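This briefing covers strand pairing and one surface patch. The sequence and structure come first.

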Amino acid sequence: MNWWSSKWVVLQFSYKHTSTLTAQYNYHNSENLNNWLFDQPVFSSLIPFLEDGETYNLLQNTSYKSNEARMDLKHYWVVNNLNHLYPKAGVRLLNQDYGSNDSQRLADGVINDFHQSGFNNDLDFELVDAYLGLEYKVKKGDLILKPSIEYHHYHWQAHQYKQEQVNR
């Protein structure tokens, strides 16, 4: 399931001064469940299958959820017909959850979980990206140049199986 929304507001104070405020939200959620049947073990050097008669039943379950919100403020300042300045600021908030579970269903219904062999994931990732910037627009004949500079401050965290891996 995907969903997104975007809103913007324009404030014009005068011919030389206009500001825009944009807000955007994106949501994504998906889950995949695969049930693979094989007559012999596949990738036997990687996947820890247990001997199970005539068939090998590989279960794969993955889930992904993402929430992203963004807000940007930009001011348009017309200095003169050839020079414009655009100060800007914004923030982006991102949260992503990813999980996977790989296992083998044996003929008697018992599950051979591959977690001990280094398979499976449970990752929670969060990012905050705040920024300030300045863009300069100059026109000379048909040539338009728009150099800019931005400063970003990132704060991010990653948790694997509810244990903090990174917090910067």
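**Strand pairing and a nonpolar patch**

R105 has I111 in β5 as its bridge partner. Strands here are DSSP runs of E with at least two residues, numbered from the N terminus, and two strands pair if DSSP finds at least two bridges between them. This is a predicted model: local features need pLDDT of at least 70, side-chain atom pairs count only at pLDDT 80 or more, and totals for chains, interfaces and linings use all residues. Residues are numbered from 1 along each chain as its sequence is written, and side-chain values use heavy atoms, with hydrogens and water left out.

Pairing of β4

- Strand β5 (residues 111-113) runs antiparallel to β4 and is joined to it by three bridges.
- The hairpin of β4 and β5 has five residues between the strands, and G109 takes a positive phi near 90 degrees there.
- Strand β3 (residues 56-78) and β4 (residues 83-105) run antiparallel, joined by 20 bridges.
- Four residues lie between β3 and β4 in their hairpin, and Y64 has Y98 in β4 as its bridge partner.
- Antiparallel to β4 also runs β6 (residues 121-140), with 18 bridges; L93 has V128 in β6 as its bridge partner.

Nonpolar patch

- V9, L11, F13, L21, M71, L73, V91, L93 and V128 make a nonpolar surface patch of about 750 Å².
- Two or more residues each come from β1 (2-14), β3 and β4, and β1 gives the largest share, three residues.
- Patch residues have over 30% relative accessible area and no salt bridge, with nonpolar side chains (Val, Leu, Ile, Met, Phe, Trp, Tyr) joined within 5 Å and like charges within 9 Å.
- Accessible areas come from the Shrake-Rupley method with a 1.4 Å probe, where for residues only the protein chains shown count as cover; a salt bridge is a side-chain nitrogen of Lys or Arg within 4 Å of a carboxyl oxygen of Asp or Glu.
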